[in-house]
Amino acid sequence: MRWQSLPLFTGFAVLALIVGSRAMLVEGQRANRAAAREASEYQELLSGLLSLAQDAEGGQRGYLLTGEKSYLEPYRRAVGAIPGQLARIDSMTAPDDQVVQQINHIKDALSQKQAELAETIALYDQGNATKALDLVRSGQGKAVMNEIRTSMDTIRRIGAAAVAARDSRTDQVEAWLRIVSLAALLAIFLLGAYTIRQSRRRFREVVLAQEELMRKNIALGHEIQTREKAESQIRQMQKMEAVGQLTGGIAHDFNNMLAVIISAMNLAQRKLARGEHDIEKFIEAAVDAANRAANLTARLLAFSRQQPLAPQIVDANRLLTGMSDLIRRALGETIRIETVLAGGLWKIHADPSQIENAILNLAVNARDAMGDGGRLTIETANSHLDDSYAATHADVEAGQYVMIAVSDTGSGMAPEIIAKAFEPFFTTKPVNKGTGLGLSQVFGFVKQSGGHVKIYSEPGEGTTVKIYLPRFFDPEEPVMPSGRGENPAAPITETILVVEDDARVRASTTDALRELGYTVIHAASGQEALQKLAENPGIALLFTDIVMPVMNGRKLAEEAVARMPRLKVIFTTGFTRNAVVHNGVLDHDVHFLAKPFTIEQLAAKLRDVLDTN
């Protein structure tokens, strides 16, 4: 009985061995899948690292092409994210000499790339755009990126070889197992044969399912890569389209204005050469074109949130009441104006002149949309934007706001027009009826002030534009008396030091000050200005440009006031670069006159500062 049972026991033992072996094989396959997933995650981390490097490079390129600081945001985010990405890659890197070597190559190449990007940006910020672009065109950055891609390809090949080796070993084990199983199954009873046949059938189903799963995973990976590539291309196209539209609009408008200026000056020169002096209309045309160019620059700075703001505590109801006559003159008699002012309206902290410009822009747009007649409604209200609203609107913080709404009964806008309404140079008005910068200027000012703007409109149903400005919570600061001179006709006796590194601008500013009656001393740099101050202790005011090499205007002013505490200072520039403006707001007690300025604006600013105690 014992010997008769031996084959059965042997068969069960072999069957148990086969089952155990197959279990080990399945576990090996699971380990292979886990290794494959880990390899896939590792490759995704490498791809993400390459994407960050490309984002940093794209931000650098955009900044070098446009000079807009907003293009450096992708660069800063990428540079900040790269160390964390490298740390995650290091934590998943297997102790393989070849892989570690390639990772070290990638780290060295990334360091070189970041150094190259930082160097070009620094050169551009220093005003050496030509050297920055020459460094880009040298091909050094491209070579470094190629090194990174080559190292990543090598790592992929190493990983693929490891996966292939594991699969080969699994296939060999499976082949030997089949041979042993077949030999054992021929020696055992029908029960063993039946059991093994069932096992084979189930195993085949598992293998087919695994193969199908692998095929689907591969197909899914290809689809993800294709979709990511398409999305990246779309984003790049959108960026280039926006840059092209902005550049084309600027070039078009500035060329028109320059054409007027050049033509007027040429005609004036010809007449003067012939001894004729009736050139006033040419001078007026050139001045008008120059003023429109300056206004265009101011609008572009407003859109890019780079304009210097001088915020004050504002009662929106009082401000709207004060500008009612201005709005009526702008709209004409055919349009009925209604105001709905909320009681107990909160105060806001914003630049009142920019609020007036925004409301006037919206009112003029409404007038154009209504044609010969209609109703314009201006409304104020206390408003609370909750978390759910903030979650569905980008760059909006939940909180309390003062809402100013401008509504019209005009033609309205379609959704696709609303989507582009804030884009610079986008307009639906006929030629010579609008620049396409009104709403973009409103948008830039509101965002720079920490607020939110929203358009509600339907074709044929009119339009409502709502501006939300943050509520002011701090106690009101008392307005200090200006101390303006009581005798504006008193003779001018002050001496002014003009500091400007551009010789032509320095000469024109000096001539304008002398025309106003001031004694003028001029300097081309901060060091020269300090020397002139030491030689002329009677200087009453320092009129300095901000953006200058070696010593900028802010540093010069600090050093000058430290030497002469009673010295008054006025800053001027075409672009502040955060020297006296931070977060879009002028620093406390800073006197600022933006370029370009008229001689009347210069005279008023000088007296305002000099007559202040």
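In this predicted model, Lys107 and Asp90 join their side chains in a salt bridge, with N and O 2.8 Å apart; the term covers a side-chain nitrogen of Lys or Arg within 4 Å of a carboxyl oxygen of Asp or Glu. Lys107 belongs to helix 3 (residues 97-125) and Asp90 to helix 2 (residues 72-92), so this pair links distant parts of the chain, 17 residues apart. Helices here are DSSP runs of H or I with at least four residues, strands are runs of E with at least two, and both are numbered from the N terminus. Lys107 is partly exposed at 25% relative accessible area, and Asp90 is partly exposed too, at 36%. For these labels, buried means under 20% relative accessible area, exposed means over 50%, and partly exposed is what lies in between, using a 1.4 Å probe and protein chains only.

Residues are numbered from 1 along each chain as its sequence is written. Local features need pLDDT of at least 70 and side-chain atom pairs count only at pLDDT 80 or more, while totals for chains, interfaces and linings use all residues, and side-chain values rest on heavy atoms, with hydrogens and water left out.

The salt bridges come to 19. One of them sits inside helix 6 (residues 190-273), where Glu212 and Arg215 are three residues apart, about one turn of the helix; their N to O distance is 2.5 Å. Another pairs Arg554 with Glu558, whose closest N and O atoms are 3.7 Å apart. These two are separated by about one helical turn because they are four residues apart in helix 16. Then there is a network of salt bridges, which links Glu57, Arg61, Lys113 and Glu116.

Now for the rings. Three aromatic pairs turn up, a pair being rings of Phe, Tyr or Trp (its six-membered ring) with centres within 6.5 Å; planes under 30 degrees apart count as stacked, over 60 as edge-to-face and the rest as tilted. Tyr401 and Tyr468 make an edge-to-face pair, at 6.4 Å centre to centre and 85 degrees between the planes.

Phe543 lies in strand 10 (residues 539-545) and Phe597 in the loop between strand 14 (592-594) and helix 17 (599-610), so the pair ties together parts that are 54 residues apart in sequence. Phe543 is buried at 2%, whereas Phe597 is partly exposed at 21%. Thr572 itself lies in strand 11 (residues 568-573) and is buried, at 2% relative accessibility.

Val550, in the loop between strand 10 and helix 16 (553-563), is exposed at 73%. Its phi is near 65 degrees, a positive value in a residue other than glycine.

Zooming out, the protein chain has 17 helices and 14 strands. Of its 613 residues, 36% count as buried. Among contacts with a separation of 6 or more, 72% come from residues 24 or more positions apart.

Note on methods:
Contact means heavy atoms within 4.5 Å.
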